[in-house]
Amino acid sequence: MTSVRKILSHMSLEEKIAQLQATPIDNLLEGKEFSEEKARKILRFGIGQITRVAGSRLGLKPKEVASIINKVQKFLMENTRLKIPAIIHEECLSGLMGYTGTSFPQAINLASTWDMELVKSVASTIRYQGRLVGIHQCLSPVLDVCRDPRWGRCEETFGEDPYLVASIGLSYINGLQGENELVATAKHFAGHGFPEGGRNIAPVHVGNRELREVFLFPFEVAVKLGKVMSIMPAYHEIDGIPSHSNMELLTKTLRQEWGFDGIVVSDYDGIRQLETIHRVASNKMEAGILALEAGVDMEFPNVDCYGEPLMNAVKEGLISEAMIDRAVERVLRIKERLGLFNNPFVNENNVPEKLDDQKSRELALEAARKSIVLLKNDGILPLSKNVNIAVIGPNANEARNLLGDYTYMGHLNLEGGIEVVTVLQGIMRKVNGKVLYAKGCDIATESRDGFAEAIEIANKSDVIVAVMGEKSGLPLSWTDVPSKEQFEKYQAVTGEGNDRTSLRLPGVQEELIKELYKTGKPIILVLTNGRPLVLTPIIDYVKAVIEAWFPGEEGGNAIADVLFGDYNPSGRLPISFPMDTGQLPLYYNRKPSSFRPYVMMRSAPLFPFGYGLSYTEFAYSNLEVMPKEVGPQGYVKISVTVENVGKMEGEETVQLYISKPYSNVARPVKELKGFAKVYLKPGEKRRVVFNLPVETLSFYDRYMRLVVEKGDYDVLIGRSSEDIVLKDSFKVKDTRPLSDRRMFLSEVKIE
């Protein structure tokens, strides 16, 4: 009998159910001190997980976090019968969500780098900081494919393409988990990025084929290649079945088909929502039974449906104790894998006063630089450092407006103990000329009171840097529109629960741009935001557009580096920018029938997936595809030469798309199947080689069989999904059904 089975055999029903529960750390504290009195009530049978110690609203410092975690573990080891330690979980979307944790660029930024090694380094640093203070599980990454950017959580995703999401997500998971050092949590399983009306929690309308090929694909990669140790179901429903009660997804697909051997943890209050929102359960007990039977092993963030209701369900014979045992064994095995039974404690002597060290800040700066996308440049960039600059806009000097949701400062509205460099500060550190500043307007109010000051300083300057966009954080209720006073206080227009009907710049920002244009001074628009924006009304009023998303603590320095040419922008869009909100959904890999124009507008985006400009030029040549005919189990070697023919060093993202002209079901017009980021000095050339497994071309046919289909395939090498520079083709000789897909991603070499 293994140690886990042995422990399980000695557990009472109360002790078993306790392992399926979590409790917020605040329930165990008196002020900032661990309370044994509270612990004796809450932890008397043990506990599965402790919620959000580092991210407590009490503002606990790193040494306090480690000390409290050790006291929790000590209590469990000394005051419970079975001495089972707890897993401590935290939000880690773009950094450890704790005081002085490094605030890296938001997830949408990481996707914009198209740099898998960089993403792995960022995630590895998050793991290191988390483990320093005693964190065992991170509730990230978000593997939702964002197909409706009205959805406020678009910023948390890696974009609109399943291949890019899977690739970046895999790197993140590998960095975060290390050698079973920390549990990554892939979420939200599945389809959360395409909700009805762009509203969080709303139903998702997808067929089974699209669900598998698009929305399940990144999770399948995470399970089979990344060995991710935790999955979190989504809040929404698909065809009437909420994800937290979806046995088809959580048991049949995830465990039986894919072989997942980790734990499924609920989204916060997701089980209770089976009663309160979806109304598929009439009380907590029914909700708990539905979730447990479907395959949800643990309830977050607090004891609710998996507490007394589940206990009574077993006693009344409504659910078997064997079902409880199944979930408990999974939880215990993760604790065993983490080494908690051997040593649940953290070495408090190793905990620094500040987690955000110089090395981490340098990595945050590198990630921010590489994530910036140059969308437009009429020759004005890079700027001279000798010009006089008017820095104007609601995001020009607001530190928190550079941080995405689920950052310590942004989400909790607390001081984070780290320096966040604003755009104004970054520019002032670079410029020899005068720098004048005016806010001009708020993010989302209708006040024009600041216009006059903004126009005044614009007239005194040579060039205007307008820093516009959105603000993230402070999620709203899922039912109530906030009062005018609440909204004007926080003005959060993106982040969880902050869904929008329009993607245009909120408030009077567009109007301010047009008023500044009347001064005759050239305008450089810098965007800090969490989703693609509709820029059509103002695109002709500005000379350049820099998309910086939410670039994190070093954002101001990174933006200044790009503005003045100290860094050549290399970011590429992970999501399309529409010309108008009414075009949505507008992802690049739609079906052929989806490109019919509107009455007064084409169906193409303003800026397509994969797009981004540079201060240098790259030339492509010598595309070679070998062999020209291949079997369904073979490989195709695709190689292309890329040369820097400009005057600055820089990085180019080589994008490989595959298109099949005819298939037995309607297929996307093209699909990303490989990419490589190549650094080149002026005059330098490199050979990029993609080794494409034919199995990666598989899809679900009209009988829902996963097949590699025979026929012709077009090879498309592009600077973006629309800017295809080289084409060739190959043929697959035979059709082959696949019982189990194992090949997902191309191998890439740079010679």
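Start by selecting helix H15 (residues 358–371) and helix H21 (residues 555–563), which pack with their axes 8 Å apart at an angle of about 45 degrees. Axes here are lines fitted to C-alpha atoms, for helices over the stretch in contact, with angles running from 0 to 180 degrees between N-to-C directions. That angle makes H15 oblique to H21 (under 35 degrees is roughly parallel, over 145 roughly antiparallel, 65 to 115 roughly perpendicular, and the rest oblique). The crossing of H15 and H21 is right-handed, meaning that the near helix is turned clockwise from the far one by less than a right angle. Helix and strand labels are DSSP runs numbered from the N terminus: H or I of at least four residues for helices, E of at least two for strands.

A word on what you're looking at: this is a predicted model, where local features need pLDDT of at least 70 and side-chain atom pairs count only at pLDDT 80 or more, while totals for chains, interfaces and linings use all residues. Residues are numbered from 1 along each chain as its sequence is written, and side-chain values use heavy atoms, with hydrogens and water left out.

Next, the rings. The structure holds 18 aromatic pairs (Phe, Tyr or Trp rings, the six-membered one for Trp, with centres within 6.5 Å; planes under 30 degrees apart are stacked, over 60 edge-to-face, the rest tilted). Select Trp-114 and Phe-675: their ring centres are 5.2 Å apart and their planes sit at 80 degrees, so this pair is edge-to-face. It joins distant parts of the chain, 561 residues apart: Trp-114 is in the loop between helix H5 (107–113) and helix H6 (116–133), and Phe-675 is in strand E22 (residues 671–680).

Then go to Arg-590, which lies over the face of Phe-595, 4.2 Å from the ring centre. Lys-660 lies over the face of Tyr-713, at 5.4 Å. To count, NZ of Lys or CZ of Arg must be within 6 Å of the ring centre and within 35 degrees of the ring normal.

Last stop: Leu-43, in the loop between helix H3 (36–42) and strand E4 (49–51). Leu-43 has 0% relative accessibility, so it counts as buried.

Notes:
Buried means under 20% relative accessible area, exposed over 50%, partly exposed in between (1.4 Å probe, protein chains only).
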